[in-house]
Amino acid sequence: MTLAIVLAAGPAAGRPTEDGEPPADRLAAQWRRAGADDVRIAADLAELADLVAGATGPVLVSGVDLVAHTAVLKHLATSPVGPTVALVLTDPPAAGQATVREERGQVVEAGAVEDATGVFGGALRVGPADLPALAEAARRAAGGGPLADLDRLVADLAARGTLIFAHRVRLLVAHRAGDAAQRQAAEAQVAAVDEDRAELKLSVKERDDFFTTFFVSTWSPYVTKAAARIGIGPTGVTMVSVAFAVAAAVLFGVGGRPALVAGAVLLYLGFVLDCVDGQLARYTRHFSAWGGWLDTMADRFKEYVVYAGLGYGATHAGFRYGWALALAAMTVQTVRHMTDTWYGALHDEAARRPKVVTGDAGGIGGKLNAASTRVQADTGSVSYWLKRTVVFPIGERWALIALAAALFGPLVALCAVLVWGALAFAYTGALRTLRARWMKVPVLTTVDAGLHRDDGLLTRTLPTARRPLLTAVIAALGAAGLLVWALWAVHGGRDLPNWAAVFVLVLLLGAAQGARAPHAGALDWLVPAALRAAEYLFAIAVGVAGRAPAWLVFAYVLVLTLHHYDLTARLEKRQAAPPLHAATLGWEGRSLLLGIALIAGIVSIALATLGTYLFVVFVASVVLAWVVLPARARGGAPSPG
């Protein structure tokens with residue numbers, strides 16, 4: 001149950017609105033329309049603390065001086081960015097109002113902040129886990145001070161290290177009115193804006209990539225509006241998008257100019273729907289952990305199924321290595337995504353602990369950080385769009401695939417994606433490595449490194465190595481060397497020596513030794529990606545050496561990517577391990593089984609059996625995590641959240 005509390009303290013509490021209604025009563029009515037189950041009015045911070053102490057769900061708090069659209073309150077109440085969120089405005093701060101400093105969307109400091117990026121907007125949502133801190137902060141802030149009551153509370157929460165995300169107001173109106181004139185002006189601004197029209201525009205991301213911004217978001221809101229009217233939800237749109245991508249993959253595999261053009265059109269429409277599902281969730285405010293997880297998994301599945309269609313199409317057209325190109329593109333993209341996720345976690349941790357960020361601001365890392373900040377702030381400039389395009393985001397990838405496939409065929413499409421993806425990986429990897437060395441934040445000490453390394457049982461029996469990154473990189477290089485050797489041997493009609501596979505297996509097990517070592521190095525955020533590269537390359541090498549069908553090798557690696565993207569989605573939300581994670585055997589356990597299969601001469605059987613087993617475990621884990629266990633917790637009928 002969501003509790004909303006209107007703090008009716010301060011001079012604004014005694015000033016009626018233009019229609020004579022007390023401000024506290026108007027805000028209370030707005031909170032009810034915004035979805036609050038229970039609304040209370042507190043006379044002071046002491047009463048607010050007592051109300052919070054009895055709450056069991058999220059608590060919404062606002063000051064009586066807030067004048068805003070109901071949609072602003074609804075957006076704050078349903079914000080998916082985090083459990084605790086504060087309204088942040090760009091208005092000049094008035095006497096008694098707290099200013100805030102944000103980094104990566106997080107409020108890292110509040111109160112009398114010198115280098116402020118905004119002003120506290122007089123409302124916040126506090127998650128259940130932070131309610132004890134809120135109650136204690138309210139009691140502490142009740143002692144008085146230069147700031148207003150609610151502002152003292154927020155400043156105390158931030159000072160105590162509570163993770164607070166910032167919610168900015170765009171297109172809608174929210175102001176804090178200190179006197180009757182300010183209230184009248186704010187109410188006039190609220191009345192002048194069409195709430196529903198603004199909400200539809202807000203469903204589009206404020207900052208997106210070039211192709212999405214100019215070739216999708218210019219008309220996708222109309223599809224969003226239509227979907228909302230007919231009652232289809234974000235999950236339904238996601239499923240239709242998956243169907244379009246699968247159909248495009250089939251057409252790419254069939255080949256022929258009409259099929260390729262039709263596949264390109266379906267791929268484009270599938271990407272439009274991929275944007276619409278998020279826009280629909282924001283427009284209708286229907287967010288859920290299940291929806292976020294499904295969107296992440298569907299995006300990757302769609303892309304890699306399209307790679308499969310292109311690989312089959314290129315092979316069917318007479319190119320011997322079509323499946324090999326598809327495998328290479330999938331591997332590069334997955335490993336790159338792993339670095340994206342971990343670099344994001346690194347930056348988030350740096351924002352939460354600004355005092356830990358050390359280094360010479362005039363060094364290359366500091367200069368790169370400052371340059372990146374300047375470019376990102378210059379929205380709409382040539383440098384801004386170049387930076388967003390060169391990293392090869394999903395919109396640009398799908399546009400390139402569609403155009404290249406329709407005009408030149410599957411082979412050119414795969415080569416283009418692989419080349420641009422590899423160059424983007426090299427570019428972002430080099431710059432982020434330099435910036436990470438400058439930030440010096442031991443991010444892996446704040447998460448379950450063993451889980452997100454995807455370690456198995458063997459790591460609990462092997463001795464511990466001191467340098468996890470070094471051993472992981474050596475394992476990846478060894479696997480890459482084994483793949484090159486296997487390709488050379490098979491091309492020449494020879495067999496790969498068994499001792500070569502055993503040697504690389506030893507390197508892999510050496511990387512497994514780093515599981516229990518502290519991942520506190522400046523570059524240890526690269527460890528999970530290096531381990532993904534080592535496992536994928538080793539599996540592909542085993543498939544090549546064992547002369548397994550290329551499509552079977554692709555299918556096996558695809559199952560691995562689904563498993564690893566499940567972990568990635570959980571890391572982004574800091575969620576627990578999947579229910580059946582131990583049954584996946586760990587990356588080193590799976591590699592050991594494939595190595596034994598190569599020596600025994602049963603590689604195809606091993607890939608098919610192990611891949612099927614992992615897929616069954618993945619599906620069972622999804623059902624348990626999103627259907628069975630939530631149903632048991634609710635005591636009701638099973639259904640995704």
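I first wrote down what "buried" means here: a residue is buried when its relative accessible area is under 20%, exposed when it is over 50%, and partly exposed in between, with a 1.4 Å probe and protein chains only. By that definition Thr224 is buried, with a relative accessible area of 0%.

**Entry: the model**

I noted that this is a predicted model, in which local features need pLDDT of at least 70 and side-chain atom pairs count only at pLDDT 80 or more, while totals for chains, interfaces and linings use all residues. I also noted that residues are numbered from 1 along each chain as its sequence is written, and that side-chain values use heavy atoms, with hydrogens and water left out.

**Entry: the whole chain**

I looked up 24 helices and 10 strands in the protein chain, where helices (H or I, at least four residues) and strands (E, at least two) are DSSP runs numbered from the N terminus. The radius of gyration is 27 Å, close to the 26 Å that the globule rule gives for 641 residues, so the chain is as compact as a globular protein of that length; the radius is taken over C-alpha atoms, and the rule is 2.2 Å times the number of residues to the power 0.38. Along its principal axes the C-alpha trace spans about 90 × 60 × 55 Å, and 53% of the 641 residues count as buried.

I placed Thr224 in helix H9. Leaving aside residues up to four places away in sequence, Thr224 touches Leu200, Val276, Gln279, Leu280 and Tyr283, where contact means heavy atoms within 4.5 Å. I then turned to Val216, which lies in the loop between helix H8 (210-215) and helix H9 (220-230) and is buried, with a relative accessible area of 0%. With the sequence neighbours up to four places away again not counted, Val216 touches Phe211, Tyr268, Phe271, Val272 and Cys275. The C-alpha atoms of Val216 and Gly395 are 9.1 Å apart, although 179 residues separate them along the chain.

**Entry: helix H16**

Gly395 took me to helix H16, where it is one of the buried residues. Helix H16 covers residues 394-407, has 14 residues and reaches 20 Å from its first C-alpha to its last, close to the 20 Å expected at 1.5 Å a residue; the expected span is 1.5 Å times one less than the number of residues. I asked myself why H16 can be called largely enclosed by the rest of the structure. The reason I wrote down is that 12 of its 14 residues are buried. After H16 comes Gly409, whose phi is positive, near 110°.

**Entry: the aromatic rings**

I found 20 aromatic pairs in the structure, a pair being rings of Phe, Tyr and Trp (its six-membered ring) with centres within 6.5 Å, called stacked if the planes are under 30 degrees apart, edge-to-face if over 60 and tilted for the rest. Among them is the tilted pair of Phe271 and Trp398, at 5.8 Å centre to centre and with 45° between the planes. Phe271 lies in helix H11 (residues 257-284) and Trp398 in helix H16, so the pair ties together parts that are 127 residues apart in sequence. Phe271 is buried at a relative accessible area of 2%, and Trp398 is buried at 3%.
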